[in-house]
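Here is a short report on one protein model. It starts with a single residue and widens from there.

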Amino acid sequence: MEALTELALIWAGVLVAIYLARLFHLTPVLFYLAIGAVFVNTDLLPEEPHEFIRDFAEIGIILIMFALGFDERVSDFMQSLKRSWGIALFGAISPFAAAYWIADYFWQDTPLALMCGLAMTATAVSLTMVTLRGEGMQGSPVATRIMTSAILDDIASLALLAILIPVATGDTVPDLSSLLLILLKVVMFFFVVAALGMWVLPFPVVGRLSRIPIIRHFGLPHLLNFSNGEHTTLIILLLALSIGLLAHLFGFHPAVGAYMAGLILREEYFRAGTDQDFAATRRTIDNFAFSWIGPVFFVVLGTNLIFDWTLFVAVIPQTIALTVALFLVQVLSAAVAARYTSGMKFAGSVMIGLGMLGRAELAFVVMDIAYVQHPILSREAFYTLMFSAFWLNIAVPVSIRLWKPYYLAELERET
């Protein structure tokens, strides 16, 4: 009953967090973390969660990453790719370098600095898109650029996560041959996933597989529509978990595979009119990931924030330095890239820079791996990253709302 009691408390806290997030117009992730911290510091939750809760949280982050990939469409991604590569490249290199340099300056620890840089690289696209939707700008050019750039950043961060974790933990000696071996694993994994997406899952089956008598007559659409689509959710969750396990075999976190599984699924695989078509399945997956399973991951992660006034005060300089540096370099690098590689005007470029500020799901995945699963981050570094992500996420809705009049005025001048 201990595990069920913990789960009941966590779910109650999730509801409170969702209410507070809507009240303050901020991402629920921040409040999930805060609820976890409050519960553990008031002894409502133990410092060491029950094994069932830890496993449940692991399922949660796999579902979150799958849902994020499932929300993205490869076709939209490819259409905007040519205009967004510069934003993604410079908008990722700059925060990585800034976070790495600041962490290395304060703690003189290269593996720790690498994890800090990686955690602060990926953009919280869900936070930005929710903010833009609230401002009525979800269909604007800046929304498209931000979305594509964030996807590119996330994919690059996932690849770097696979490369840097074994290096940072010492499982692989960081010499040229070992780095090339890790890079080869990354390439092989993404090749396998791409092959699944291009040749195995579609119907009609393409490539040499189409010559095989039985296989050529079946694709994922047939499987999804088994029993009139009643088991669609089960089938795609099995796909996500299977590719997650495949990712684990290649040395990745299972969440990496789950994200890629979501990305290669296509709407045309789902037959309209079945008991669970694409829209219904998407709502179900989002409900799993963002309502009752996924949030458990963030609440459990928040339980690592044990109240320590001395530590809070001790990381104030690091938090200020990291937050200010990331704000400046992220906005500047993304805005300049948007202006000169994507053809955006000044106000639109700045809006893109502001939209790239958020740090959410993937950042916390990195923190969980580097602090909870592996002793790479120190407590000081972990708290610094959490506080910096908190302030940057608050900056997204505030700065977008303040800059919105300038962006709209620029659009009016263009028309």
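Ala337 sits in helix α15, residues 316–341. Helices here are DSSP runs of H or I, at least four residues, and strands are runs of E, at least two, numbered from the N terminus. Ala337 counts as buried because its relative accessibility is 4%, where buried means under 20% (1.4 Å probe, protein chains only).

Beyond its neighbours within four places in sequence, Ala337 is in contact with Gly86, Ile87, Phe90 and Ser342. Contact means heavy atoms within 4.5 Å. Gly353 is 16 residues from Ala337 in sequence, and the C-alpha to C-alpha distance is 9.1 Å.

## Basis of the model

The model is predicted: local features need pLDDT of at least 70, side-chain atom pairs count only at pLDDT 80 or more, and totals for chains, interfaces and linings use all residues. Residues are numbered from 1 along each chain as its sequence is written, and side-chain values use heavy atoms, without hydrogens and water.

## Helices α1 and α2

Helix α1 (residues 2–24) packs against helix α2 (residues 28–41) at about 135°, with axes 8 Å apart. The contact involves residues of α1, including Leu9, Gly13 and Phe24, and residues of α2, including Pro28, Tyr32 and Phe39.

## Whole protein

The protein has 18 helices and 0 strands. Of its 415 residues, 54% are buried. Among contacts with a separation of 6 or more, 78% join residues 24 or more positions apart.

Methods:
Buried means under 20% relative accessible area, exposed over 50%, partly exposed in between (1.4 Å probe, protein chains only). Axes are lines fitted to C-alpha atoms, for helices over the stretch in contact, and angles run from 0 to 180 degrees between N-to-C directions.
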